[in-house]
Structures are given as structure tokens and as C-alpha cells.
Amino acid sequence: MAKQTDDREDLLRDGTAMPVRGRLWVDRAEVVIGFRSQGQLSLYWDQDPVFQFDESCRLRRVFIDSCRLKAENGKLVRLRQPHESIDRPVERLRLVTEPISADDEAAILQRLSDRLQQIDATLDRMMLDGDQTSLQTVGATPPEFARRVRAWIANWNRSMGVAGGPSA
């Protein structure tokens, strides 16, 4: 994921893998939320963090604090590229996994929960105020999109789980 905003992809315009998607501002952060064809949600909070879920609202991939993680057997593991050495050059991109602590996983899930609460409150205010101009959507009207996201958040709050694997 690019760190320079001028090089970054416009997910609302170009995120065609997410036929239903929307963009809103939460405080000063640009938030893009998209649903894939089977209902899997992806959440882009500016450029970092990014959270991706499976069709059962379980977390499957995370990009947070410039660190990549994936779900593995119901836990999050860190993905990193092994160091290249003179004796053993890296021939192609290969990622190795390493476990993270239960405290680190809990902190990531708490950060996700906090972000989802902020999104829910922002969408609630928008709908109560009738302010649909600050919510841009593709594939659904702003009220439909807001209802769908808020229902998804309610489902996630009931499970708060991590998927068995990273594939959607």
C-alpha cells in the first residue's frame, strides 16, 4: 500500500472487486468500505490500517502500522519478508509467518472495534441529519449503504472473530 497520497489508487472509483462501496470522512480520516460479491467487507482507514473480512464477518487480513498480518487457525500471524544475505539471495517474493502475542492480537481487535464504533456513530449522525452529501457510494444509495454497513458492524460485534485462513 502506497504511503504517498498522490500515487494511491482511488478505491471508490477503481475498487471493482467491491461492487458495493462507499467513502466517508470520520474525523479527518478518509474511510473506504467495500463489499465483495459474497458480502466480504474490506475497510480502508486512510492508508493504514486496512482490515479485510470473510463472508462470516471474521477478520482474515490486516495491514496496520505498516505491518502485514493474516488469519491462520483462528489467530493473527505477522507476515514478513526474510532478510537477504550474500550467501542466500532472495530469488522471488517469499513471506514467512511469525506468531504475535495474545496482547498484540487483542490490541489490534480493540483498535478495529474502536474504528467500527466511530464509523457506526458517523453513519448514524449522517442519517439522522439527512446529510448524505458526505457519503459517496457505488452500487447502492447512501441510505442503503449506511444501513448495510451498520448491520455488518452489528454482526461483527456479536462474533469479533478471526478467520481460519486469509482467503475470502
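Analyst: Happy to. Let's start with glutamine 40, which sits in the loop between strand 2 (29-35) and strand 3. Keep in mind that this is a predicted model. Glutamine 40 counts as buried, because its relative accessibility is 5%, under the 20% cut-off.

Moving along the chain, we reach leucine 43. Setting aside neighbours within four places in sequence, leucine 43 is in contact with Val31, Val32, Ile33, Pro49, Val50, Phe51, Leu112, Leu116 and Ile119. One of these contacts, Pro49, deserves a stop of its own. Most peptide bonds are trans, and most residues other than glycine have a negative phi.

In the loop between strand 4 and strand 5 (59-64) lies cysteine 57, with a positive phi near 65°. Cysteine 57 is buried, since its relative accessibility is 7%. Methionine 160, in the segment after helix 3 (142-159), also has a positive phi, of about 45°. With a relative accessible area of 36%, methionine 160 is partly exposed.

Now back to the packing. Leucine 43 is one of the residues that touch the most other members of the largest nonpolar core, along with Ile33, Phe51, Ile119 and Trp152; this core has 38 residues. Two or more residues each come from strand 1 (20-26), strand 2, strand 3, strand 4, strand 5, strand 6, helix 2 and helix 3. Helix 2 gives the largest share, seven residues. There is also a second, separate core of six residues, with Leu11, Met18, Val32 and Phe63 among them.

The buried residues of helix 2 are Glu105, Ile108, Leu109, Leu112, Ser113, Arg115, Leu116, Ile119, Thr122, Leu123 and Met126. An α-helix has 3.6 residues a turn, so residues three or four places apart point the same way. Three of the buried residues, Leu112, Leu116 and Ile119, are also contacts of leucine 43. After the helix comes glycine 130, with a positive phi near 70°.

Strand 6 (residues 67-72) and strand 7 (residues 75-80) run antiparallel and are joined by five bridges. Glutamate 72 has lysine 75 of strand 7 as its bridge partner. The two strands make a hairpin with two residues between them, and asparagine 73 in the turn has a positive phi of about 55°. Strand 7 then pairs with strand 8 (residues 96-99), again in the antiparallel sense, over four bridges. In that pairing, leucine 79 stands opposite threonine 97 of strand 8.

Conventions:
Residues are numbered from 1 along each chain as its sequence is written. This is a predicted model: local features need pLDDT of at least 70, side-chain atom pairs count only at pLDDT 80 or more; totals for chains, interfaces and linings use all residues. Side-chain values use heavy atoms; hydrogens and water are left out. Two strands pair if DSSP finds at least two bridges between them. Buried means under 20% relative accessible area, exposed over 50%, partly exposed in between (1.4 Å probe, protein chains only). A nonpolar core is a set of buried Ala, Val, Leu, Ile, Met, Phe, Trp, Tyr and Cys residues joined through side-chain atoms within 4.5 Å. Contact means heavy atoms within 4.5 Å.
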